[in-house]
Structure formats: C-alpha cells, structure tokens
Amino acid sequence: MPYLRLLPLLLLAALASAPARAGTVALWLFDEQEGLYPSSILNENGPHTYYLILGRGGQIVPGKFGRALRAAEPAPFNPVYQRAEEHAEFTNSSVYAFGLNVPPKPPGRTMEPMTWFNATFAAAFVNGDQHLRRTPFEHPTRGPLNLGGGDFTVEFWLQAAAGASGEGVVLEVGAGPRGENDVVTRLTYLPAEGAFRLVNQAAGADLRLRSDPAQLRAGWTHCAFVYDQARGEVRHYAGGRLQATVAARLRALPAGDEDYFSVGRDGRWERPLAGALDELRISDEPVYRADFAPPGSFSRRYGQPRPPVALVAGPPLQFPGGRPAGPVVELAGHKHLFIDDALLARQENVTFTAHPARIEETVLPYGTGWTTVIEDADGLIRLYGEGRNGVSVWTSRDGIHFDAPDLGGGRGNMVAPSPAKRGAVFLDPNGPPEERWKLLVGLHERGGFFVYTSPDGWTFRRNEVTALPFWAGSASTIYYDDQRQVYVAHHRADYGVTPGGKTERFFVRTEVKDVLDAWPFSPVTRARQEEVAKTRRIKNQIMDPWWLDNGPLSAGGFSIEYPISFAPDPALDPVATDIYNPRAIKYPWAPDTYVAFPLWFFHYPADGPQTRQVLARKDLELGTGLVETQLAVSRDGLTWKRYPRPAYVPVGRFKGFPMLRPYIAFGLVRRGDEIWQYVYTRSSYHDGFRKDGVDPDSPSAVVQRLSQRLDGFVSVDAPYEKEGGFTTHPLRFRGGRLMLNVDAGATGYVQVGFVDEQGRPVPGFGVDECVYINGNFVEHGVRWLSADGRVHDDISALAGRPVRLVFRMRGASLYAMQFVSR
C-alpha cells in the first residue's frame, strides 16, 4: 500500500522537528528575525511541515516570548526589475514564476493570480497559484489542520491593538480556490464587541464567543478555543478562565487541490488582525476542560531555557590580517604552517608553492551532491550528502570502501528528511552531548536555513527557529572558530553581475555566538547598496529589492546583508569567472591556520570574445562551463590569500573518468601523516547538454578519495640552482626541540639557526652550526654540531625569550615547524 510505504518517512519527519507536546498538530513560535523580508519562511514546530511564508502584509515584531507575528499595512511597492523573460530563460522557469509578470486570469475566476504586487498576506501557505516558483506545500484540508472533523484546540497569545474596531482574522483554512468561495473555517477577533467569531462553512456554523475585553485591552492574553466533539460544544478561554460555551456540531471542509492556510488575514488578504500573535498552537484534542493557569512558552528556548554555554577558547590569534599581532609572536608550542609569509620578516630567493591533492581512487560509483566528511570518535569515516529523500550518510572504516547503512524504520541511510537537502555537518565542541552533532541545511526550493541537532549524527532534529531567512543556492558551510570564539558560516549570493549581464556569484560570511537562536539579520539599506556598488557590479539596477528574486512563495537569496568573504578578483581572475562554494574550514591540527577549497566556475555564455562564447552553443554539446577546485589560505578566517594554480583538484581524466566538475567535500580527515579529502565529481559540463556526461561508458558522477601530505597545502621553497632563505619576526616559544615538516629530497638541504633580538647568532645554535637536514620528513628534529663534535638538539635554554629563526635552504620545501617538549 503506498501509504504504508510512506510511514517510515513520515515518522522521520516527526522526529526531525523540534519536540511538541502530545496532541500538537502545529506550532508556530514566530521567533524569526525582526525586519524579515517578505517570502521568508516561518518555521513550524509540530510533527508536520506546515511552514508559513511571510507576506508583504505581515511583520515579525517583539512578542510575549521572543518575537511575534503582526498583520501590517504593506509598504509602498515600487520594484525595479529588468529582463524578467531573460531571467526566466536562464532558470528554465516560466516568465510568471517570479511574481513580477502578471499572468492572465484563469477562465471563470474573479481573483487575480498572485504576484508580488498583490501578495499582501500576513503569513500563509497556498496550493493554488501554481505559476509561482515554489515547492508543494502540505494540504491543510487533507490533514489535521482541517478543523471540524474531530476535537481540536486553537490557542495563542494575543496583544490586541488599542482603538481597533474592524473584524480581524486570526486564522483561516480554505478549500480553495482562494477568494473564489467561502468554503472555509475561520477564526476572527471582533474588537468592537470584545468577542471572537468562529465560522465553519461545512457545518453552516457562525458562532459568536464573548471574551474579556478588559483583559484583552490590558496586554498579552492567552486565548484558547476548544472544540469538544463528544459534548457538541465550543469553549473559549481568555487568560485561562472560561468566557463562553456555545453548542456546535462542526464538520471538516471538503479536500481541495488549491487549499490554503492563512494567519493574520483572510484568503483575499483582507481583514487584517488588529494586534500581534505569539505561539499559535493547534492540537487535535480538547486540551482545556476547566479553568487553568495559562501555559508558559512552548519553546524550548523560553519554556525550558538552556544554561549559558561557556564557549571553548583557543589561543589568541597571532597573525590577524596576515601580520603579527605584536612585536613578538607568541608561538609557544603551537605548530606553524608556512602557508604564507606572515612569520617572515626578511626573505631572499624563496617562493610559496601550493600543492594539489592527489586523486587516489573512486569510493562510490555515484554522486552524493554537496558532501561533508567527518571522522567520528570511533574512527568511522562518514560522508554526508544529498540522498533521494533528504540528507543521507555513507560510512567506511578504511576510507575506501563505503556502505549506505540501514538506520532502521525504513529510512535507509537518511538522517534528515526532505526538504532538508543542501548543507554541512560539523561537530560542535560547545554543544551538550545530546546536541554535539549539528547540521546547517537550506530547505530545498522553499528557502530558509535551519540548524539540526543530534547526539550521534544518525538522526537529526530540526531546531525550532529559522537560523537565516534565505534560499540556499549552494550548500553553506560552518565551523566553530575557537580562536575568535564564534561560529563562522559562508553562504552563496547570486547578487553580482558580469559585464555581460549574467549572474556573478560571491560568498558572504555570517558569525554567531549561538547557532540555535535566530542569527543576526539586518535588511539591506540603500546606503549599503551604494557603498558596495562603488567597487562591485551588483543587481540593484536589475532587480531591487533583491528579495523579489524567487517570487512571493519562495525565499530570496543572500545579497549584501553580510560581509563579502569570497568573490572574483578582477586582478586575478578571467572575466565571468566566479565561485560556487569556498568550503572554508579552520585547520584542526594547528592554530592560526584556515584553509578553503573554492570551487571556481568559468562561464561560457555572454562574456568574453565570441571564440569563448561559442563554447555554450548547443551544437557543440558542451554546456555553460567547467568547474575546478582551487586553494585559499588565511591566518584569521577573514583575510584570504588564493593560490589558483596549480588547481587543487583539476579537471581532466582519472583512470578514464572525465572529471569536468570536481566539487570537493567539506571537511578534513587525518590518517597518520596524510590528510584525506573527498570529491564529488561530475562527468558533465555545468548545465551540460549531455546530462549523463560526455562519456557514455562512464557514470555521470562519482565520489573519489584525495590525499594530501599532513600540513602540506603550501610550502616555502628554495630553488635547486642556488640557496635561498628567510628570517622570522621575533618569536617566543616553549619546549626543548624544534621539529620541521620538510622535503629536501636526496640532493637538497635545509639549515636553521637562532639569532637574538640584535640579529647576532646564538652561540651553539647558529645557522652555520646546524646539521644539514637532507631527505623527506613529515616530522624531523633539528640538530646542531658543537665545537667539540657533539650533535645536540636541546634548545630549552632559549625558551621563553624573544629570538628569531634563520633558515637557509636549497632545493627544498618547508611546510611547517613546531617547538615541542623533550
């Protein structure tokens, strides 16, 4: 039976949402950010996925607990938009999908189809208006939101507006088509009468329920409406006290293909509620049978507050902005990677060289989409990626042979159900054991970023509040930075423009102290647009405001709400070359080291000479371009240095497989003296005309394992032909030995010595006294030759005082150094 086959997925969906009390059908906390853009998602915390969309006629405002929803007068609407037809062609969508072109009215209808110009609802989800870009919403008339078919309780906190007189809608369930009939169940507030009205068209019921006007005028009031089918009555409570009991026999509405659910306004977006709503909950039982003390918050955050978290603190940054933080670098016993010249005061005849990853083997003969790799405490390597019905996991003990584990309940290897799709998993050092594993994921098409939590990474539960209100163009990535004590995430923005008028992607950076609250958000101002437009081409002349981008039923993408972290550099990159994802992460095995693996996309159409643009022609059967993985490094996660060549994971062929789009996975695994990474690789061009790849004998996508030398992303190199070297800034260390990660090969060498603050060699530890380092070592101790011929390596006497290091090299690569205890 089809329904039985769906049961495991429905069960997992219930598990994946924040916990709701017994009998809860739906719970909207309205704790999203104030100033939220229209089309943003409002989370639902019951066992279903009744997400609401914020309309132009609604606002998030301060609430009884956290924040609340208020119906508001829509702001004047004078959008700027150009080339809607071209935008639709580029996204393979109807010209009406984005709500800026008005479609013809269907025959026999009186309501204009929804567009941005009339999307003045407060908060709603609708199953009509199929011309708009969106994913299917759940049908309210085919489930427990169809009030009247059995017991129910509707409850909320209301802050009634002073001086209001017109009837205002709390909620309306309609069979649809919206606005074409009155087949509805509707609860309204009548401020002039100090009463509420419940209409249930299916039963012909129109009930007046008197209330307590004085209490409603006094401030936030808990209101409850209980339908007790066995008793045949509707009871209304205000402030926990019974106000009215009315006999009634209600009925469910007929199921409708174009049904809808609206809060704060009716289905025609009229009758705005004069006041604010907080914590609207619907239950499928008569929760209250007598007077009661009004409940506290249903939110875990406000109802059961978490104790303050002391964030894990790492060592202070030594190189903010890529330069020493003070006159003496406090290196202590920390490893220093030579990813750049931050430690170098003087250099001669040395260069910094990026080292690409080595492609080892194919580990999965199919793709996993946007992928994260994590090694758990038991040494199990997990790949998280896009599964058939949500986020899924694949596991391996040796990192080569992966399986899709059966997690039980009929869900296979799925850990978070659809619409969760694009995201990143990380282990949170600040999280309690039950929330140690976290998943930041964007809901596919519908929009909104959520944090999911899990004690073990096998079953994730959606947090109760939307973290960010934007559409996920690509997978965002996130890590905890112990040195700056913030969570750092990077997100794609499609707000840039190439000279040819096409989208130019860049990435923005968000930082938060608490990932489980709504993340800080401020709408873009005209001043911010003008500031950015001085140095970067943006779409404020093509579409403004940018939240119009995906239409009124699907969240818009990021623009410039946050600092730009990765973007094309005109001094470095060819025109119309942009970033798909930076995959930035803090290097786990050394402080002051951040690495990123930006996926760089070379666009064929619209830009550059015709000899370039011709590559996008259909008859050539290629596509819109190729993608490669590059390398970038940073000392603080804020200022980045890119090494575009050699490509970290290039295009080409590996054992016959055409690697045309290698999308590297997020995360690093250490095995011995190697770092392992993984790459999801496509054998087709971007937007390829051959969707299954250019080679019919190869799969369309695979996952491959990469290996890299420990600390081996970049090295400082001296040529083979002559000596080079450098002197460091003053530094202070702890320990008794100096260890190097170095490759001098068979015919190169490295020497290192100490000088004091005046630049004088420290007796017994000068560079001329250093025993040659010859060979290839991930960890090699430096030694010196004393005047009596004794070889020694104990530098304890130099610890704790400012010194400089002098390196002399030839035909060698130096990757890292570390002072260690004896």
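Colleague: Let's start with Thr535: buried or exposed?
Modeller: Thr535 counts as exposed, because its relative accessibility is 71%. The cut-offs are under 20% relative accessible area for buried, over 50% for exposed, and partly exposed in between, with a 1.4 Å probe and protein chains only.

Colleague: Thanks. What should I keep in mind about the model itself?
Modeller: This is a predicted model, where local features need pLDDT of at least 70 and side-chain atom pairs count only at pLDDT 80 or more, while totals for chains, interfaces and linings use all residues. Residues are numbered from 1 along each chain as its sequence is written, and side-chain values use heavy atoms, with hydrogens and water left out.

Colleague: Good. Where is Thr535 found?
Modeller: Thr535 is in the loop between α5 (526–533) and β34 (543–544). Those labels come from DSSP runs numbered from the N terminus: helices are H or I with at least four residues, and strands are E with at least two.

Colleague: And how far is Thr535 from Pro609, C-alpha to C-alpha?
Modeller: Their C-alpha atoms are separated by 24 Å, and Thr535 and Pro609 are 74 residues apart along the chain.

Colleague: What about Ile538, where is that one found?
Modeller: Ile538 also belongs to the loop between α5 and β34.

Colleague: Why does Ile538 get its label, and what is that label?
Modeller: Ile538 is called buried because its relative accessible area is 8%.

Colleague: Which residues is Ile538 in contact with, leaving aside neighbours within four places in sequence?
Modeller: Ile538 contacts Tyr495, Gly496, Val497, Gln529, Val532, Ala533 and Ile560. Contact here is heavy atoms within 4.5 Å.

Colleague: Let's zoom out. How many helices and strands are in the chain?
Modeller: The chain has 6 helices and 57 strands.

Colleague: What share of the residues is buried?
Modeller: Buried residues are 61% of the 822 in the chain. As for the accessible surface, the total is about 31100 Å², and 51% of that belongs to carbon and sulfur atoms. Those areas come from the Shrake-Rupley method with a 1.4 Å probe, and for residues only the protein chains shown count as cover.

Colleague: Of the contacts between residues at least 6 apart in sequence, what share joins residues at least 24 apart?
Modeller: That share is 68%.

Colleague: What phi does Arg583 have?
Modeller: Arg583 has a positive phi of about 50°, although it is not a glycine. Arg583 is in the loop between β36 (577–581) and β37 (585–586), and counts as buried because its relative accessibility is 1%. Asp711, which is not a glycine either, has a positive phi of about 65°. Asp711 lies in the loop between β48 (701–709) and β49 (714–718) and, at 3% relative accessibility, counts as buried.

Colleague: Last stop, Ser396. What does its side chain reach at 2.8 Å?
Modeller: The Ser396 side chain reaches the backbone nitrogen of Gly399. A polar contact is a pair of N or O atoms within 3.5 Å; within protein, one must be able to donate a hydrogen and the other to accept it, and residues adjacent in sequence count only if both atoms are side-chain atoms. Ser396 is in strand β25 (residues 390–396) and is buried, with a relative accessible area of 2%. Not counting residues up to four places away in sequence, Ser396 touches Gly379, Leu380, Ile381, His401 and Phe402.
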